[in-house]
Amino acid sequence: MDRLSSGTYETVETEVLVLGAGGAGLRAAVAAAEAGASVLVVCKSLLGKAHTVMAEGGVAAAMHNVAYQDSWEVHFADTMKGGKLINDWQMAEIHAKESPDRVLELERWGAVFDRTWQGRIHQRPFGAHTYPRLAHVGDRTGLELIRTLQDRAVHQSGVEVHMEVTVFKLLKAEGRVAGALAYRRSDGSLILYRCGALVLASGGAGKMYRVTSNSWESTGDGTALAYDAGAQLRDMEMVQFHPTGMVWPAGVRGILVTEGVRGEGGVLRNKEGERFMERYDRDRMELSSRDVVARAINTEVLAGRGTPHGGAFLDITHRKPDFIKSKLPSMYEQFLKLANVDITKQPMEVAPTIHYAMGGVRVDAETGASTVPGLYAAGEVASGLHGANRLGGNSLSDLLVFGKRAGEAAAAAAKGTHLAETALDADQVEPAIADLMAPLARPAGENPYTLQAELQDVMTVHAPIVRDEPGLRAGLEKILELQVRIARCGTGGSDTLAFNPGWHTAHDLRSMLVNAEALLRAALERKESRGAHARSDFPKTDDQLTAVNYVVEKTANGMQVKAEPRPPMPDYLAEAVQRSYARYTPEEIE
Amino acid sequence: MEISNLDLKIWRGDSRGGELVSYRVPVREGMVVLDAVLWVQANMAADLAVRWNCKAAKCGSCSAEIDGFPRLMCKTPIAEYGGKLSVGPMKAFAVIKDLVTDVSWNYEVNKEIPPFTPSEKDLTSSEPWRMQQKDVERVMEFRKCIECFLCQDVCHVLRAHDLKGAFQGPRFMVRIASLEMHPKDVLDRRPLLKGKAGIGYCNVTKCCTEVCPEHIHITDNAIIPLKERMDDSYFDPVRSLLRRLGMGPAKPSV
């Protein structure tokens, strides 16, 4: 254990430090570098593997290439209605207005989207979008986006990337975020980053649930780091169950089945062959918003009308095999290979899977600034745009629009700081390193994988699709117990610093537990049902609470949740939401 | 045939050496190799180093050699192997620990390839670009690449001869093809192909195509057309004669 003598770290300086190399992080990095800042991107995995790569369906932008009636107002209205009106309306306005430019810009950086017959970027229909709006590349849009941004970033001077590095503490100087502590996953060596401004782009926390479309990385690090640094979190009760995850075989349970299947005409049926969405949303059917479809499948299963493995059938066999293979190639491959199901001939079995955190760091709409100076956030780790429920396709556009804005704002903020002259506040570094290293000193302590499994069970049981007060309270008790137990957490047996996932998991658990506690506390406070937050003890939406967001912050008395009123929308936006828009009827099928 | 236990051998070690270690893994229906490896990590060897992310063959992180054959662990059902199989790290790259290898060379190579470069006119035009589906489909195949580097692993130029300084490998032939065949790209990467990229080292054995989890026709659709382009420019005897007579297009300069 001699290698663990604390205080031995390398110091690296940069003007803008970006945490996360998914769409938001890379877009922020490109923007900050274009603004003239030196940029360092830190990511937990290899470059290009971030969760953005899993995005399938497309990127939402009102380019009206397919439906001429589309406009930013309709996109804005859809986003607000989908979010059950608790969205930050200023973010929703910016997002709807700027998405088309962000998509066209990607194309000029080399992205290749599917085309309409006139040669424009094709747009597919998607849940709760009034018009076909999702620019896409088959069902691998996320890969196209991340690869384009990755190439743009690495070929840009001023951008450096540190791969397989995990940040475990944000550091402050005179009240500003001015750095971070991190370890290299390969050998456990430590790095102290000094920066003028820091952009969190670290994604969500889906890994705190057992059945999730998220990878091992989605442990809510960004929200936990921000919370620890004193930043406010918002809408933490809002986590999205994607309606369609794979259910069988057990090993693939939770893997995403793109909404694109329904966008391309796929229908949902229960075991009796009934197209049950008729009973939940007659107008929009399968293309209703995700919260509605997820609850519908859940209800069908609970009523005994589920499929053999406890889900619903998703059927696209009425489409021609060639059409399916060209529009949904990776779904075809995924089911054939992993479930031995040919989706051109057989229906898929699907059930809800934890997919996305609408809540996260509270940010300023225009700049992505958190409530702590020097700290910015963009993408899934931030909150506000999606309110109580995110529409499919709005995540990729979110990354682009707000990644750019956060990168620019961080670059501007960093310009005004003088790294060399400001000393970091005392007593931040040593205790954080000691905490990180502690599990290595007690390798035989509680097993981190066991604790993680327990955490996942707690969240699965106590914060499910439909929640109630006794369940949430019991869940909170258990999370608080787990928080005590992680003080005894070991590594699962080995004290090596060299690529030791047991040790890494011990640290990730801390982040997940902060997210879990915030979710449960905020969910207890919101005594109504709205979007992704459904309460069996408060089944109705409370109009009074439309103007309220729940804000979580760290206080001397631990985690506190407070209700915070939101200013009303200006008239022109309120009117855009209330207006009724002509229904889209396709004139041609491509 | 139902098997209740899998005899899973995983290579454990680091740059100093290592060995196959046996683990008994309870089998679940539909299990893939990555499930089995992660089960070992959670239950028997917490410090087992392995890369993975999406678990759905979309990110290309969990590349390994399964019974010696380069594959993605998340996409390989154990049912294909009966009751036992072995997993080792990719052999073309230096081992960091267990199944994790140092693939950083690939990221360095990518930096050497000039990025997408549209014409000044296209770049400054205020109109959105028009391209036809059939014109972009060709590069879409190449853009499916998930950078698992299995093609690099299997390529004998890199694996057996370790010519990493001379040949950029199949992954980057695909990358260059995706740029060269992009309808809006105007840069000429033939000098790069002939020089640093070293396309001449490829002798079209198609091993890369065979291991590609995205089924990209690396050899037929990327490498051979690029080679043909090179032959036209550098090695065509008729053009060579015309050039000597001071006629015809000049060779692209290296």
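The model is predicted: local features need pLDDT of at least 70, side-chain atom pairs count only at pLDDT 80 or more, and totals for chains, interfaces and linings use all residues. Residues are numbered from 1 along each chain as its sequence is written, while chains are lettered from A and ligands numbered from 1 in the order in which they are written.

Let's start with chain B. Its C-alpha trace spans about 75 × 45 × 30 Å along the principal axes. You'll find 11 helices and seven strands in chain B; helices (H or I, at least four residues) and strands (E, at least two) are DSSP runs, numbered from the N terminus. Of its 254 residues, 45% count as buried, meaning 20 or more other C-beta atoms, placed from the backbone, lie within 10 Å of the residue's own.

Now zoom in on helix α7 of chain B, residues 170–180, where 10 of the 11 residues are buried. Among them are B:F172, B:M173, B:V174 and B:I176, along with B:R171 and B:R175. Some of the helices of chain B that cover these buried residues are listed here:

| Helix of chain B | Residues |
|---|---|
| α2 | 104–112 |
| α4 | 133–143 |
| α5 | 150–154 |
| α8 | 190–194 |
| α9 | 207–211 |
| α10 | 218–235 |

What about the meeting of the chains? The contact (C-beta atoms, placed from the backbone, within 7 Å) takes 52 residues from chain A and 48 from chain B. On the side of chain A that touches chain B, α4(A) gives the largest share, five residues.

Key
Buried ≥ 20, exposed ≤ 12 C-beta atoms within 10 Å, placed from the backbone. Contact = placed C-beta atoms within 7 Å.
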